[in-house]
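Please read it alongside the sequence and the coordinates.

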Amino acid sequence: MDNAFKDQPLKGKVAFIAGASSGINLGIAQHFATNGAKVAIISRSHEKIIAAAETVEGGIGMAADVRDYESVDKALATTVEQFGKVDIVVSGAAGNFVAPALGMSSNGFKTVVDIDLIGTFNVLRASFQYLNRPGASLMSITAPQAHNPSMFQAHVCAAKAGINMLTQCLAMEWGPAGVRVNAISPGPIADTEGMARLAPTPEMEAAVKASVAMRGYGEKRDVADVAMYLATENARYITGTIIDCDGGTKLGNASGDALGEFA
Ligand code: NAP
Ligand code: COA
């Protein structure tokens, strides 16, 4: 990603990012690496994660399923062997499909909760013993569904709401060890699998864009910039927060025209 900071704010830092073979989390990985961090990324698919790591300056990729605590632990141990103790953790692995509650089996609901919520517990919990403490910064990737009850998203709403609460509980428990735990809640982000699933047609895309206060999709870079802030010393007194990077999505439907003649 372009626009590296001149002073390489993450030089000497080690980052571990879960769910980074594509999309928003890969964007974060690339941005961290461009700004000096040594970056390790994981996802389920060996092929996808190795290919993704080639786009992350100096990065390594490992196959690990966040539902499998041991495989996450092993990837963290390898990261420490290769790069040293971990300063920054991003837990962003997720699964989503659009279905009514009556159209999903118990296993369908569980699958998303397992990847998003249990996966986030596994990543953050396993990372603790590998952290460079005090001073480590952990962040989960949540979503507006955590706040906004949404049709056809019961599994994601439940899982992401759990992530928000988990983030805040861990912030309280780990603050005394000098470990900050925050979350980023992206809104609709362009060129991602998430939006390809949620708004698959041009009409649906246009409707989403028209309903967001900032009128349009965000970019992966928008989320990476927030992650950069949370990763640096600038955010040293910030923990337990959920930062919305969503163009106003959490506020609700903003499709009306309140500016009119006053614009
Ligand atoms: P994406 O490209 O599909 O990213 C999901 C990543 O998770 C992939 O790298 C996937 O790789 C990995 N993954 C899935 N299951 C996994 C598992 N069990 N273990 C390890 N890795 C796993 O989707 P995205 O749209 O960029 O979303 C990234 C994050 O942003 C998610 O947390 C999502 O909820 C959040 N978000 C996205 C949007 C949006 O507009 N796109 C909005 C709000 C929040 P493999 O297939 O190789 O495992
Ligand atoms: N509607 C209803 N149920 C669905 C479904 C859909 N569109 N897609 C999957 N399921 C159900 C399956 O039927 C299965 O339940 P069953 O065993 O009772 O039949 C369950 O979900 C698990 O499916 P499976 O394909 O075995 O899971 P997986 O672990 O291989 O994949 C998913 C996980 C389903 C979340 C898959 O979409 C995925 O890999 N997603 C990652 C990428 C992604 O979602 N990116 C966007 C992030 S916001």
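Phe 152 sits in the loop between S5 and H5, where helices (H or I, at least four residues) and strands (E, at least two) are DSSP runs, numbered from the N terminus. Its phi is positive, about 65°, although Phe 152 is not a glycine. The model is predicted: local features need pLDDT of at least 70, side-chain atom pairs count only at pLDDT 80 or more, and totals for chains, interfaces and linings use all residues. Residues are numbered from 1 along each chain as its sequence is written, chains are lettered from A and ligands numbered from 1 in the order in which they are written, and side-chain values use heavy atoms, with hydrogens and water left out.

**Backbone features in loops**

- Phe 152 is partly exposed, with a relative accessible area of 42%; buried means under 20% relative accessible area, exposed over 50%, and partly exposed in between (1.4 Å probe, protein chains only).
- Arg 215 also has a positive phi, about 55°, and is not a glycine.
- The loop between helix H7 (202-211) and helix H8 (220-231) holds Arg 215, and Arg 215 is partly exposed, with a relative accessible area of 42%.
- Arg 133 and Pro 134 are joined by a cis peptide bond, with omega about -5°.
- Pro 134 belongs to the loop between H4 and S5.

- Strand S5 (residues 137-141) has 5 of its 5 residues buried, so it is largely enclosed by the rest of the structure.
- Ser 137, Met 139 and Ile 141 point one way from S5, Leu 138 and Ser 140 point the other way, and all are buried.
- In a regular strand the side chains alternate between the two faces of the sheet.
- S5 pairs in the parallel sense with strand S4 (residues 88-91) over 4 bridges; two strands pair if DSSP finds at least two bridges between them.
- Opposite Ser 140 in S5 stands Ser 91.
- A right-handed β-α-β unit is made by S4, helix H4 (residues 106-127) and S5; a crossover is right-handed if, with the strands pointing away from the viewer, the path from the first strand over the helix to the second runs clockwise.
- Strand S6 (residues 180-186) runs parallel to S5, and 5 bridges join the two.
- Asn 182 in S6 stands opposite Met 139.
- From S5 the chain crosses through helix H5 (residues 154-174) to S6, in a right-handed β-α-β crossover.

- In strand S1 (residues 14-18), 5 of 5 residues are buried, and the strand is mostly covered.
- Val 14, Phe 16 and Ala 18 lie on one side of S1 and Ala 15 and Ile 17 on the other, and all are buried.
- S1 and strand S2 (residues 38-43) run parallel and are joined by 5 bridges.
- Ala 18 has Ile 42 as its bridge partner in S2.
- The crossover from S1 through H1 to S2 is a right-handed β-α-β crossover.
- S1 also pairs with S4 in the parallel sense, over 4 bridges, and Val 89 in S4 is the bridge partner of Phe 16.

**Ligand 1**

- Ligand 1 is surrounded by 31 residues, the closest being Ser 21, Ser 22, Ser 43, Arg 44 and Thr 192; a residue is near a molecule if one of its heavy atoms lies within 4 Å of it.
- By class, this shell has 13 nonpolar, 12 polar and 6 charged residues; Ala, Val, Leu, Ile, Met, Phe, Trp, Tyr, Cys and Pro count as nonpolar, Asp, Glu, Lys and Arg as charged, and the others, Gly among them, as polar.
- Helix H1 (23-34) and helix H6 (193-198) each supply at least two residues of the shell.
- A polar side-chain atom of Asp 65 is 2.8 Å from a nitrogen atom of ligand 1.
- A polar backbone atom of Ile 189 lies 2.9 Å from an oxygen atom of ligand 1.
- The protein buries 92% of the 890 Å² that ligand 1 exposes when taken alone, by the Shrake-Rupley method with a 1.4 Å probe.

**Ligand 2**

- Around ligand 2 there are 16 residues, of which Arg 44, Asn 96, Ser 105, Asn 107 and Arg 197 come nearest.
- H4 gives the largest share of this shell, 4 residues.
- A backbone N or O atom of Asn 96 is 2.9 Å from an oxygen atom of ligand 2.
- Of the 940 Å² of accessible area that ligand 2 has on its own, the protein covers 56%.

Methods
A polar contact is a pair of N or O atoms within 3.5 Å; within protein, one must be able to donate a hydrogen and the other to accept it, and residues adjacent in sequence count only if both atoms are side-chain atoms.
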